[in-house]
Amino acid sequence: MVGMLTWKEPQKGRKRLELREQVILHMRFLSAEICRSSHPAVQRRRVLAAGKRLRKHGVIHVVLPENFTCYEQLEKCGLRPVSTLSLRRAAASDWVQAGLRERGCPAAGARVAVSAAGLTGEVVRTVTELMLRHRYVLLDLPYGGEELCRQLRREYGVSLLLHPTREQLEEAEALVLFDPRKDLTGGNPVLLRLYDESAPLPALSLPPVLEEKLPEGVNRGQLLAALREAGAVKRDQIAVGGA
């Protein structure tokens, strides 16, 4: 079971820490509700106590509150935040489109570059979706790009620009990085570092009937990642930047 940490305001007679099962969109979470404290040391102790209790119940991954800072206490308990990497990569093509729209760049004619260390299923899906939306897609891969290029030309009648130069990557209106590239300046109008979970996610939303069932005050990316991983929400139900 995935865990969840939430803050609650202190009230007379209210326990400082309560564990309860919470169901969100048919997915069960073990929620640890912690009374908020204005004293950082007290707050850290309460997080540590909550983490120990969650770990005792078999929890490893947790959805955290917004603007959470007590990561050291989580690590001491053997807990890890829910990863958003898969969510970021699944949303990449919509994210690019939203980013270009925000900057007033015509999407169809924009040059979109993708760089990855290997040809994974996530890279194939992202490149395919980008090819169907943008006229110019550049793919930088150490190997495997030729077969993908032939496949896309055969199935959709579109072509990739393989093995772009560093200058071509730098000049693209959008650059999607699946892996770090220390040789690039990252000055592209739209830059997605899909390997970096510390980078802000775009605005993400669900259909209103599902949106109203989400709790407030928790890390939205982590919550949606957990729900998506469990199959509680589908990829096409997550809108990016009003996409």
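Me: How do β1 and β3 pair, and over how many bridges?
Reply: Strand β1 (residues 2-8) and strand β3 (residues 27-35) are parallel, with seven bridges between them. Strands here are DSSP runs of E with at least two residues, helices are runs of H or I with at least four, and both are numbered from the N terminus. Two strands count as paired if DSSP finds at least two bridges between them. This is a predicted model, where local features need pLDDT of at least 70, side-chain atom pairs count only at pLDDT 80 or more, and totals for chains, interfaces and linings use all residues. Residues are numbered from 1 along each chain as its sequence is written, and side-chain values use heavy atoms, leaving out hydrogens and water.

Me: Ok, which residue in β3 is the bridge partner of Thr 6?
Reply: That's Glu 33.

Me: And what joins β1 to β4?
Reply: Two bridges, and those strands run parallel. Met 4 sits opposite Val 63 of β4.

Me: What's the strand order in the open sheet with mixed pairing?
Reply: The order is β2-β3-β1-β4-β5, five strands in an open sheet. β2 (17-24) and β5 (80-81) are the edge strands, each pairing on one side only.

Me: Which strands does helix α1 touch?
Reply: α1 (residues 40-56) packs on that sheet and touches β1, β2, β3 and β4 (61-63). Its direction makes about 150° with that of β3. Contact means heavy atoms within 4.5 Å, and the angles run from 0 to 180 degrees between N-to-C directions, using axes fitted to C-alpha atoms (for helices, over the stretch in contact). α9 packs on the sheet too, touching β1, β2, β3, β4 and β5, at about 155° to β3.

Me: Why is α9 called largely enclosed?
Reply: Because eight of its ten residues (α9 covers 220-229) are buried. Buried means under 20% relative accessible area, exposed is over 50%, and partly exposed is in between, with a 1.4 Å probe and protein chains only. The buried ones include Gly 221, Leu 223 and Arg 228.

Me: What follows α9?
Reply: Gly 231 comes after α9, and its phi is positive, near 85°.

Me: Switching topic: which residues touch the most other members of the largest nonpolar core?
Reply: Phe 29, Val 63, Val 127, Leu 160, Leu 223 and Leu 227, out of 50 residues in that core. A nonpolar core is a set of buried Ala, Val, Leu, Ile, Met, Phe, Trp, Tyr and Cys residues joined through side-chain atoms within 4.5 Å. Apart from that core lies another of 16 residues, among them Val 47 and Cys 77.

Me: Now the parallel sheet. What's its strand order?
Reply: β8-β7-β6-β9-β10, an open sheet of five strands. β8 (161-162) and β10 (190-193) are at the edges with a single partner strand each, so one side of each has no neighbour in the sheet.

Me: How many bridges join β7 to β8?
Reply: Two, with β7 (residues 136-140) running parallel to β8. Leu 138 has Leu 161 in β8 as its bridge partner.

Me: Last one: what is the phi of His 26?
Reply: Positive, about 70°, although His 26 is not a glycine. Most residues other than glycine have a negative phi. His 26 is in the loop between β2 and β3, and its 80% relative accessibility makes it exposed.
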